[in-house]
Amino acid sequence: MKQTENTKSFWNLIKLTPVHYVLLVALVIIILSLLSVIKLELVINGLVMGSIIAMASMGLTLVYGNLKFAHMAHGDFMTLSAYIVLFILTVPFHYIGMRSTGLGPFTFGYPLLIAIPFVVLVTASIAIGLDRIIYRRLRNRGSNSVILAMCSLGVAIAGRGIVQTIWGGDIEQFPRLSKLYYQLPMDVRIPPDAIFIAGVVLISTFSLHLFLTRTKMGKAMRATADNTELAKVTGINTELVIRWTWALSGGFAAIAGVLLAVFQAQLLPSMGWSFLIPLFAAVILGGIGNPYGAVIGAMIVGISGEVSTQWINPTYKPVIAFAILIIMLLLRPQGILGTRD
Amino acid sequence: MNLLNVKNTSSGYGDTEILHGVSLNVGEGELVTVIGPNGSGKSTLMKTVVGILRSTTGQIIFRDKDISVIPTEIIVRNGISYVPQANNVFPSLSITENLEMGAFIKSGNPSKRISEVLELFPDLVDRGKDKAKYLSGGQRQMLALARALMLDPSLLLLDEPTAGLAPMMINAVFEKIQLINSSGVAILLIEQNAREALKISNRAYVLAAGQNQLEGNGEDLLNDPEVARLYLGGQE
């Protein structure tokens with residue numbers, strides 16, 4: 001008994017919380033920037049990109065945690081929601097005379113703030129609907145995770161096909177009005193949109209944290225991710241938990257899609273699909289199924305991708321995400337916050 | 001009156017049938033033990049009662065209602081709590097959260113029930129915020145029992161609650177089982193420590209090869225030389 005106590009306190013001592021990891025990474029980055037090894041502006045860009053990756057990967061990791069399969073259509077949830085917002089801004093809102101650009105220091109207009117909650121609801125409903133029509137049937141039939149993942153790949157391709165059929169395969173411009181960047185010391189320029197993006201992601205992450213730790217459904221979601229069979233025999237309505245998981249996952253992917261559209265200022269039918277590698281890299285890096293890990297993983301993927309452009313051609317950015325993914329799988333397959341059991 | 005009545009039930013995994021027409025019953029407030037060699041279908045029986053596995057023949061009657069066709073979560077709602085043999089707590093949830101999940105189907109604040117249940121498990125009282133993964137095997141078993149009691153069940157199914165525990169913990173778990181039973185909760189218990197289990201049981205069943213072999217009250221089976229030779233480790 002005594003030995004158990006000792007072991008426990010030892011692990012408690014060296015147990016790093018997510019906050020420790022964030023501080024550690026931040027410290028390294030600050031030191032490197034002060035030594036002028038890396039450009040701080042690229043780090044800031046990386047943080048913005050990381051925020052968007054975090055937004056989507058939190059949903060992806062929740063789905064993995066509760067349903068135990070890699071949802072390949074997650075990127076296409078992002079694409080679809082970006083296009084839906086584009087439609088809302090350029091057709092109905094434009095028709096009734098709402099100006100879609102230039103709210104304060106931002107490139108976008110206030111109609112975007114109305115469109116976001118709407119598209120969150122739509123994408124969440126699509127996610128729940130997809131589960132009802134496709135994934136739940138496979139689940140009830142006892143299909144394994146590979147079948148489910150392959151099926152979601154089909155959904156991804158179909159989703160992109162639908163976007164291409166409706167909007168065509170060309171690049172669409174997101175409505176925007178160019179605005180001045182904030183000029184900071186150390187030659188750092190921040191686009192005001194980046195502040196908006198970071199703010200939205202911070203609020204969403206904090207809300208998710210409160211949901212998972214303070215509400216009955218959030219706790220049930222964590223319990224189901226821990227052990228689905230035990231959750232069932234405890235009386236937890238796991239189908240309801242799964243619906244909530246899809247709703248959150250779809251909603252978060254929708255926000256991520258819109259933020260990506262705002263940040264990149266243009267839309268492509270493959271924008272979400274090509275985002276899938278950074279998403280999975282972030283999820284695996286943080287520890288599959290752990291939303292806090294996903295945020296940390298996303299920041300690492302986002303920052304290293306952007307900072308790498310200081311030395312290598314930006315076209316190779318996805319290679320960095322791939323490399324991180326492979327290195328992590330080799331060295332610590334359970335991820336930063338994952339546990340082996 | 002019988003609380004649970006398993007009638008001629010067969011079940012198994014996929015196409016493999018493990019239980020071949022097993023029958024047993026548990027009365028109100030009774031402590032009934034099922035013993036038998038490994039692979040005799042004891043755990044399968046329990047999983048079938050709670051609806052994780054589906055019976056292919058027979059009926060499972062709980063409080064005059066056939067529960068063999070209803071989902072697990074509704075069975076739990078009707079007053080049956082089940083503690084699986086392994087992985088019976090949520091490791092990343094705190095002790096308090098584990099107990100809250102035990103009361104998931106109840107509306108309202110569960111804190112009153114949590115303190116009631118914790119009176120039975122004083123070791124867990126001050127550790128509410130600790131994650132279950134940091135608990136020892138015995139403490140996990142206690143937490144699993146506590147979680148199962150959150151719903152104030154009328155029947156508790158315990159699948160080898162002492163498996164893998166140190167001798168001191170085994171006694172502690174048996175004491176808790178008796179204590180819970182004396183509060184009026186009927187218990188269906190599967191045990192490898194057959195001698196100790198039979199000592200505290202009202203009645204017991206011997207299961208082998210997925211079929212009923214013997215039944216009787218605990219003391220009688222304990223003193224039966226045939227049972228002792230075959231199922232209690234050969235001691236007279």
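Modeller: Two residues are in contact if their C-beta atoms, placed from the backbone, lie within 7 Å. This is a predicted model.

Biologist: How many residues does the contact take from chain A and from chain B?

Modeller: Apply that 7 Å cut-off to C-beta atoms. The contact then takes residues from both chains: 16 from chain A and 24 from chain B.

Biologist: Which element gives the largest share of the side of chain A that touches chain B?

Modeller: Helix H1 (2–14), helix H9 (216–226) and helix H10 (228–233) of chain A each give two or more residues to that side. By class, the side has five nonpolar, five polar and six charged residues. The largest share, five residues, comes from H9(A).

Biologist: Is H9(A) mostly covered or mostly open, and how many of its residues are buried?

Modeller: A residue is buried if 20 or more other C-beta atoms lie within 10 Å of its own. A:Lys219, A:Met221 and A:Asp226 are among the buried residues of H9(A). The helix is mostly covered, and the buried count is eight of eleven.

Biologist: Which helix of chain B do the buried residues of H9(A) pack against?

Modeller: Within chain A, they pack against H3, H8, H10 and helix H11 (238–264).

Biologist: How far apart do the C-alpha centres of domain 1 and domain 2 of chain A lie?

Modeller: The domain assignment of chain A gives domain 1 as 58–270 and domain 2 as 272–336. Their contact takes 20 residues from domain 1 and 13 residues from domain 2. Between the C-alpha centres of the two domains lie 19 Å.

Biologist: On the side of domain 1 of chain A that touches domain 2 of chain A, how many residues are nonpolar?

Modeller: Helix H3 (40–67), helix H4 (74–90), helix H7 (145–167) and helix H8 (192–214) of chain A each supply at least two residues of that side. Eight of the side's residues are polar and two charged. The nonpolar residues number ten.

Biologist: Is A:Leu67 buried or exposed?

Modeller: A:Leu67 lies in helix H3 of chain A. The cut-off for a buried residue is 20 or more other C-beta atoms within 10 Å. A:Leu67 has 23 within that distance, so A:Leu67 is buried.

Biologist: Why is chain B called as compact as a globular protein of its length?

Modeller: Chain B has nine helices and ten strands. The globule rule gives 18 Å for 236 residues. Chain B comes close to that, so it is as compact as a globular protein of that length, with a radius of gyration of 17 Å.

Biologist: What share of the residues in chain B is buried?

Modeller: The C-alpha trace of chain B spans about 50 × 40 × 35 Å along its principal axes. Of the 236 residues in this chain, the buried share is 45%.

Biologist: Which strands stand at the edges of the six-stranded open sheet of chain B?

Modeller: The order in this sheet is E6-E7-E8-E3-E9-E10, with mixed pairing. An edge strand has a single partner, so one side of it is left without a neighbour in the sheet. The edges are strand E6 (80–83) and strand E10 (211–217) of chain B.

Biologist: Which residue of E7(B) does B:Val83 stand opposite?

Modeller: E6(B) and E7(B) pair in the parallel sense over four bridges. B:Ser81 and B:Val83 point one way from E6(B), B:Ile80 and B:Tyr82 the other, and all are buried. Across in E7(B), B:Val83 faces B:Leu158.

Biologist: What angle does the direction of helix H6 of chain B make with that of E8(B)?

Modeller: Strand E3 (residues 31–35) and strand E8 (residues 186–190) of chain B pair in the parallel sense over four bridges. Helix H6 (residues 167–182) of chain B packs on the sheet and touches E3, E7 and E8 of chain B. Its direction and that of E8(B) make an angle of about 150°.

Biologist: Which residue takes a positive phi in the hairpin of E9(B) and E10(B)?

Modeller: Strand E9 (residues 203–208) of chain B and E10(B) run antiparallel, joined by six bridges. One bridge pairs B:Leu207 with B:Asn212. Two residues lie between the strands, and the positive phi, near 50°, belongs to B:Ala209.

Note on methods: Residues are numbered from 1 along each chain as its sequence is written. Chains are lettered from A and ligands numbered from 1 in the order in which they are written. This is a predicted model: local features need pLDDT of at least 70, side-chain atom pairs count only at pLDDT 80 or more; totals for chains, interfaces and linings use all residues. The radius of gyration is taken over C-alpha atoms; the globule rule is 2.2 Å times the number of residues to the power 0.38. A residue is buried if 20 or more other C-beta atoms lie within 10 Å of its own, exposed if 12 or fewer, and partly exposed in between; C-beta atoms are placed from the backbone. Two strands pair if DSSP finds at least two bridges between them. Axes are lines fitted to C-alpha atoms, for helices over the stretch in contact, and angles run from 0 to 180 degrees between N-to-C directions. Ala, Val, Leu, Ile, Met, Phe, Trp, Tyr, Cys and Pro count as nonpolar, Asp, Glu, Lys and Arg as charged, and the others, Gly among them, as polar. Domain bounds come from an automatic or database domain assignment.
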